[in-house]
Amino acid sequence: MDTVMLIKSEDEDEDIKCLNNDLNIIEINEEEFISPFVKGQSIIHKILPMHIMQIIFYYTLTYGEFNCNEETVLKKWDSRNNDRYSLEIVCTTWCSIIKASCRSLILSLNNLEANTFRITHFTYLKKIEIINNTNNDSDYSDFDDDSSDDDGTKDYSNDDIYFDYFDQKKNLTYRRKKRILNDNSDKIAKCLGTIIKLSLPNLSTLNLSMSNLKERHIQVIKSSLSANRNITKLYLDSCPIGDQGVVYLSEILEENRCIRQLDLQSCGSVNGLEYLGRALSNNNTLEKLIWSYNQSNYTSVMCLSNGLRNDHSQMKSLIMKGCDIEGWGALSLADTLAINKSLKELDLGSNQFGDAGAITLASKLNSHPSLSILDLSSNLISTEGFDKILFSIQSNKTLTNLNLSRNQLDLSIPLTNLTSSLASNNTLTSLNLSECDLQNYHFEQISIALQSNKKLKKLNLSKNNLSSTKPFYTIIQSNKTLKSIYLSKHKFKSNELFILLNYIFKLNDTITLEDGNIINIDINSVIHQLEYIDLSLPRDQLTKNIYLLLKKFRQVNTTTKIKI
């Protein structure tokens with residue numbers, strides 16, 4: 001029930017009307033309970049001038065630290081928040097401050113149409129996210145199976161007829177769901193075209209991910225988006241726009257010189273890179289393209305590569321996970337690295353180019369002046385490809401993040417460049433070698449390299465075949481720059497792990513093992529400054545001694561976090 005309160009102002013003759021979308025006015029019985037919050041706000045409203053209240057309210061909403069007591073800070077603004085409801089009752093003028101202060105707005109289909117033209121009230125709005133939601137339970141309840149007998153049991157006397165009937169109803173339900181979803185998408189596209197045409201001066205981000213927009217909807221917003229000069233980020237993740245939708249977007253990119261980030265992940269396109277490549281050959285504004293999980297053959301990758309080879313390209317981030325890129329595609333992208341000097345991030349994870357592609361890419365790393373993030377995870381890379389990549393980082397001056405996880409080493413071939421490369425590299429801060437079938441001797445080589453390496457801060461060795469804790473001792477006694485290490489899913493012996501944890505925690509120089517033996521440890525030799533350790537042990541390795549040690553450590557330590 002909508003409630004309206006009348007608050008009598010002592011300074012003015014007229015009443016201050018505070019409405020909640022309803023014209024009915026009710027009198028307040030003083031004997032009825034009114035929350036202290038409402039009473040307090042009404043008193044403030046009588047004492048302070050409106051512009052002072054607005055300033056206080058604005059800072060309370062936007063800067064939590066403005067108020068010493070965090071409990072009084074309004075953290076949420078939705079229909080379930082009692083504070084919001086109380087504020088609206090006291091003074092609806094404050095709601096305009098909410099709109100003026102809002103930077104990010106999420107609109108569901110239920111309120112999109114109603115707010116399309118009201119969107120101009122959100123003066124400083126920077127981001128809009130639109131959700132294509134449907135109420136499945138209510139929309140399709142009339143398709144419940146009604147083939148029960150009076151006693152509530154199903155009649156299966158003729159199974160073939162029953163299952164045929166059931167399949168027909170299931171197909172009908174699916175078609176209706178699909179029709180409703182398509183109708184919703186049509187409404188979104190229509191409203192979206194209007195919002196874009198309004199050209200809100202601060203609106204820079206449109207998130208339309210999973211809104212079920214198709215190629216015809218991209219065509220609807222094409223003209224308004226081409227003319228818009230404020231939107232810089234466009235997200236169409238999981239929208240089935242297909243090749244034709246990408247064609248429309250390519251035409252937009254040729255006219256629009258403001259879009260800097262474009263997310264087309266899982267958009268159902270097969271040859272879309274051919275059109276994007278042509279558009280990028282004349283585009284000098286797009287900085288980030290997400291093309292993950294769209295099948296891309298060699299011809300498509302070649303077209304994209306050609307587009308990125310223009311002298312004015314500003315592409316900084318190219319994300320192409322799971323695109324079925326094979327050796328020739330990797331060769332084309334490697335040639336692009338030799339020409340394009342703007343790329344800072346290249347993510348080619350979960351493709352299929354193997355050692356041949358890895359070797360080709362490795363040959364271009366040393367000459368690239370800006371590439372800092374390289375993801376080659378899950379690419380069928382073996383020892384030969386590993387060695388070439390590791391060799392290239394010895395003299396590389398830009399790479400800071402390298403991900404080679406989920407590539408299986410060939411243990412019959414030695415990994416020759418692991419120690420020397422890590423020891424001499426001066427730029428790498430994050431290295432991911434999880435699920436690479438690393439052995440204890442690989443861990444030893446890495447620990448030796450970290451005696452000299454003073455840059456690496458994050459090392460992930462999870463889910464390999466490690467059982468020895470000895471290399472860990474080398475790390476904690478010789479390296480002060482490593483901040484995070486991941487060693488989950490390994491089979492360390494309980495006693496060895498207990499001793500290691502005592503070294504890491506530096507709590508006692510004398511410890512008692514489970515068998516009763518007492519040993520002395522030199523905790524003064526430990527110099528590590530680890531902030532996070534992930535061991536994620538199996539339950540059978542979490543002994544009582546380890547549990548009690550962890551409990552004690554968490555009581556006295558606030559700098560190092562450990563996951564067991």
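Biologist: How many salt bridges does the structure hold?
Modeller: The structure holds six salt bridges, a salt bridge being a side-chain nitrogen of Lys or Arg within 4 Å of a carboxyl oxygen of Asp or Glu. Keep in mind that this is a predicted model, where local features need pLDDT of at least 70, side-chain atom pairs count only at pLDDT 80 or more, and totals for chains, interfaces and linings use all residues. Residues are numbered from 1 along each chain as its sequence is written, and side-chain values use heavy atoms, with hydrogens and water left out.
Biologist: Which residues are linked in a network of salt bridges?
Modeller: That network links R260, E287 and K316. E287 pairs with R260, with 3.2 Å between the closest N and O atoms. E287 sits in the loop between α10 (272–280) and β8 (288–290) and R260 in the loop between α9 (242–255) and β7 (261–263), so the bridge ties together parts 27 residues apart in sequence. Helices (H or I, at least four residues) and strands (E, at least two) are DSSP runs, numbered from the N terminus.
Biologist: Is D347 buried or exposed?
Modeller: D347 is buried, at 8% relative accessible area; buried means under 20%, exposed over 50%, and partly exposed in between (1.4 Å probe, protein chains only). The D347 side chain also meets K321 in a salt bridge at 3.5 Å, N to O.
Biologist: What about the surface, which residues form a nonpolar patch?
Modeller: L542, Y547 and L548 do, with about 290 Å² of accessible area together. Patch members have over 30% relative accessible area and no salt bridge; like charges are joined within 9 Å, nonpolar side chains (Val, Leu, Ile, Met, Phe, Trp, Tyr) within 5 Å. The areas come from the Shrake-Rupley method with a 1.4 Å probe, and for residues only the protein chains shown count as cover. L542 is partly exposed at 38%.
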